[in-house]
Amino acid sequence: MPAIAVEGLERAFDEVLAVQGIDLEVGEGEIYGFLGPNGAGKTTTVRMLTTLLLPTGGRASVAGHHVVAEARQVRSSIGVALQEAALDPLMTGRELIRLQATLQGLPPAAGRQRADALLERVDLTYAADRRVGTYSGGMQRRLDLAAALVHEPRVLFLDEPTTGLDPVSRKTIWEEVRALNEDGTTVFLTTQYLEEADQLADNVGIIDSGRIVAEGTPEELKAEVGRPHVELLVGEGAVPAAERACAELGKLLPPKDGKRVLLEVANGAADIPRVVIALDEAGVAVESLELVRPTLDDVFVAKTGYHLEEEEGKSGPEESEPA
Amino acid sequence: MSDLATTVRVVRALGARSIRQTFRRPQLISPIIVFPTLLLAIQTGGAGAGVELPGFPPVQSFLQFMLAGSMMQSMMLAGNSGGIAFAVDIEMGFTDRLFAAPIPRFAIVLGRLAGTAALGLFAALWFLAIGLIFGAHIEGGVPGALLATALITASALAVGGIGAAIALRSGSASVVQGLFPLVLVVLFLSSAFFPQDLMIEPARTIAEYNPLSFIVEGVREPIISGIDLSHTLEAVAAIAGIIVVGLVLSARALQHRLRVG
Amino acid sequence: MEATASPTWRSNLATILALMARAKNELVRVPGAAIPGVLAPTIFFLGLNGVFGALTQLRGFETDSYESFIVPVSMLQGAGFTGAAAGVNLARDYEQGWVDRLLVSPAPRWVLLAGNVLAASARALIPATFVLAIAFALGARWPGLDGLLVCYLMVAATAAAAACWGSMLALHFKSQSAAPLMQAGMMGLVLLTPAYAPLALLQPWLEDVASVNPLTEVVEAARQGFVGAVTWSETWPGLVALTGLLLILGALALREMRRTNV
């Protein structure tokens, strides 16, 4: 039985269809990455699956329970860390986790034990009796994650868990997510960070404007849009010679800015030695050589026509140019 | 002369802005009008039998007596509201924009006060209208109504000066907002809601010396019996005193604000 | 560990108590947080007493001590203010995402509401006691233990009703901007009663309104010990009125809580 099963799920807000009939399935023990830009429908989908929002169409089940008809059972089976870490700044970390334990119906002694164990797990024991208002952003996210785990849920929903965190805190959260998954927890993770989906997810669903535009493992999705290519920086005027030397070793792509030769190769890194030898025999001086693999951004561009991670200052779909 | 023209122009523009700000946001108008109107209804309905007490001034009705007090309450809240809005401007940095402009600095304060005075005028007219609709007579007729309106408008200017001074000094809207209970205290310790001679000690003695009592009596007299010169002069003197205090405090607070940024 | 079985009465009680403990944090951990809730009814009590105290000279007044007459009204005003403030806090919690944390748990909705409401009910006893102490200092009549208990019961239940009202508005508007409506609603309900004078001395329109206002029975029940003897016939109408208000406002608040996901 899948941990999460969604069929034709829809959510309308007045005349705006924020989620437009999506289908997806997440297996037990899987990490599912739900990738998309701001406003794509990720958070709306999570809120429907966690019973915070009623769908206006379709159906969904989580941990074998219908999200509408069996909402209470769903809530007992899931842990949730939402986009805004909803913490009370006046409570201490320990008080918050104990409150969460009480909300989940744990007896007091079990709740206290769980709180201590979880605080240690997320490395917050030293700050457990300090008010949450004094915590850094990374500490608050770790506490939020610990609170979501207090009842050992079967399915964990993480809505953009590392947005706004520094790289070190982000890596810490990733490690914790992997560890949880190794313990058997199914994780549904929404993110707007390609690297996060690439690093963590077993399967990725890409959502844009309320629709799923692609779904599969990161490798499957990347293979769909192309193979790895070798990018060679050669001297001015050496491009034709370099292209002649490499012509038999793969498929030549249009050169870049007059100095870079692009060669699509079938076997990835294994083809590099042959390329180097061919260029050497042809007397072409190579300033740099790089193996470039397709990224999830390439997948995103192929499916939507714009980049997911825009430069600072630019907005999303309306202003991007297709690749 | 050109300095005066500039000042007038700036005061008018900033005054118009402060009026627009208030009337565009119901949550700013509501404490100035809704709360005092609710209280007027409740106090008139609840304590109206007080007109039968020996020593109560001869009035047509308790509503007629209470109108002046409600105008005062609304005016005081307008002053508090103006101070809050000024503090918000400071917090948001809008006053910095004004300070950087080639305009007389004190015109910025006067502009805010002009807005508060306009609110006071609105409050006076509102309660006069309420009174007339619900059957109260203005014994002083049109001149009496005009006098009451003028005194309330001038009082709003005076109280607004104190609000502006606090805003400039503290730079914090929540500090100014925190003074709201004080507004109620000062009003209760005056003859705004009941004849001073019928109040209980120590409220009675405090009311006797409270400048607001002089203003209230000056506003009330034209409504309940007709224009009386001595009450009017006492009211004018009290208003003038508060204006002077407000202007001095505002000027000092403005200098402080310009110094600390 | 998964527990899809229904929550037990023990776990529901534990949740209510935990939410009440959280609510107390604001009073205990934020310096001065209790002051506004105490200041408003105190100012009204002292102000109204100083201004309208002479009304006791009117024929038909049950007492010659206006402090005794008005103190229950001020205590109930404080209860209304405290209950409405609970609604404002809930709106703030909603805006900051805290309510989502509660809604995503398996705790029943009525349990979540009860925690907020009972916290307000308990908290209202603070301003009530403060105002009462000042009233006694000014010479208010000792209402007897029975009168005191009835008065406190009315205060606690009124605060609970006010918290239901505030919670309903908070969950409907999902915003703190509904705060003036929460406060004004309760203020109106408490003061449109024989708050300032006995029913017979009110102006006709207010007498009519007060006659149908359920809070009139609550005011009379709370006041009885301060102006005379405590009797069952003066008490039960107040209890019935508050029970009715709690049922209606509680149902409306619960409905809004259940509809947050619509």
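The legends below describe close-up views of a predicted model.

**Figure 1. The predicted complex and its confidence scores.** The predictor assigns the complex an ipTM of 0.85 and a pTM of 0.85. For chain C, the mean pLDDT is 94, and 98% of the residues of chain C reach 70 or more. Where pLDDT is low, predicted coordinates should not be read in detail.

**Figure 2. Chain A, overall view.** Chain A contains 11 helices and 14 strands. Taken along the principal axes, the C-alpha atoms of chain A fill a box of roughly 75 × 50 × 40 Å. Of the 323 residues in chain A, 46% count as buried. Among the contacts in chain A between residues at least 6 apart in sequence, 66% join residues at least 24 apart.

**Figure 3. An open four-stranded sheet in chain A.** The four strands of this open sheet lie in the order 2-1-4-5 in chain A, and their pairing is antiparallel. Strand 2 (16–26) and strand 5 (65–66) of chain A form the edges, each pairing on one side only. Inside the sheet, strand 1 (residues 4–13) of chain A runs antiparallel to strand 4 (residues 57–62) of chain A, and five bridges join the two. One point of reference is A:I4, whose bridge partner in strand 4 of chain A is A:V62. Strands of a sheet pair through backbone hydrogen bonds, in either a parallel or an antiparallel sense.

**Figure 4. Strand 11 of chain A and its two pairing partners.** Strand 11 of chain A pairs with strand 13 (residues 260–264) of chain A in the antiparallel sense, over five bridges. In that pairing, A:L233 has A:R260 in strand 13 of chain A as its bridge partner. Strand 11 of chain A also runs antiparallel to strand 14 (residues 286–292) of chain A, to which six bridges join it. Here A:V234 stands opposite A:V286 in strand 14 of chain A.

**Figure 5. The surroundings of A:E231.** A:E231 lies in strand 11 (residues 229–234) of chain A. Because 16 other C-beta atoms lie within 10 Å of A:E231, this residue is partly exposed. Leaving aside residues up to four places away in sequence, A:E231 touches A:R260, A:L262, A:E290 and A:V292. A:D23 is 208 residues from A:E231 in sequence, and the C-alpha atoms of the two are 38 Å apart in space.

**Figure 6. Chain C, a chain of helices.** Chain C has 11 helices and zero strands. Its pattern along the sequence reads α-α-α-α-α-α-α-α-α-α-α. The C-alpha trace of chain C spans about 70 × 40 × 35 Å along its principal axes. Of the 262 residues of chain C, 55% count as buried. Of the contacts in chain C with a separation of 6 or more, 82% come from residues 24 or more positions apart.

**Figure 7. The contact between chain C and chain A.** Chain C gives 27 residues to this contact and chain A gives 26 residues. On the side of chain C that touches chain A, helix 1 (9–29) and helix 4 (98–103) of chain C each supply at least two residues. Helix 1 of chain C provides the largest share of that side, eight residues. By class, the residues of the side of chain C that touches chain A are 13 nonpolar, eight polar and six charged.

**Figure 8. The contact between chain B and chain C.** This contact takes 25 residues from chain B and 27 residues from chain C. The elements giving two or more residues to the side of chain B that touches chain C are helix 2 (26–47) and helix 8 (180–188) of chain B. The largest share of that side, 10 residues, belongs to helix 2 of chain B. The side of chain B that touches chain C divides into 16 nonpolar, eight polar and one charged residues.

Terms used. Residues are numbered from 1 along each chain as its sequence is written. Chains are lettered from A and ligands numbered from 1 in the order in which they are written. This is a predicted model: local features need pLDDT of at least 70, side-chain atom pairs count only at pLDDT 80 or more; totals for chains, interfaces and linings use all residues. Two strands pair if DSSP finds at least two bridges between them. A residue is buried if 20 or more other C-beta atoms lie within 10 Å of its own, exposed if 12 or fewer, and partly exposed in between; C-beta atoms are placed from the backbone. Two residues are in contact if their C-beta atoms, placed from the backbone, lie within 7 Å. Ala, Val, Leu, Ile, Met, Phe, Trp, Tyr, Cys and Pro count as nonpolar, Asp, Glu, Lys and Arg as charged, and the others, Gly among them, as polar. pLDDT is the predictor's confidence in each residue, from 0 to 100.
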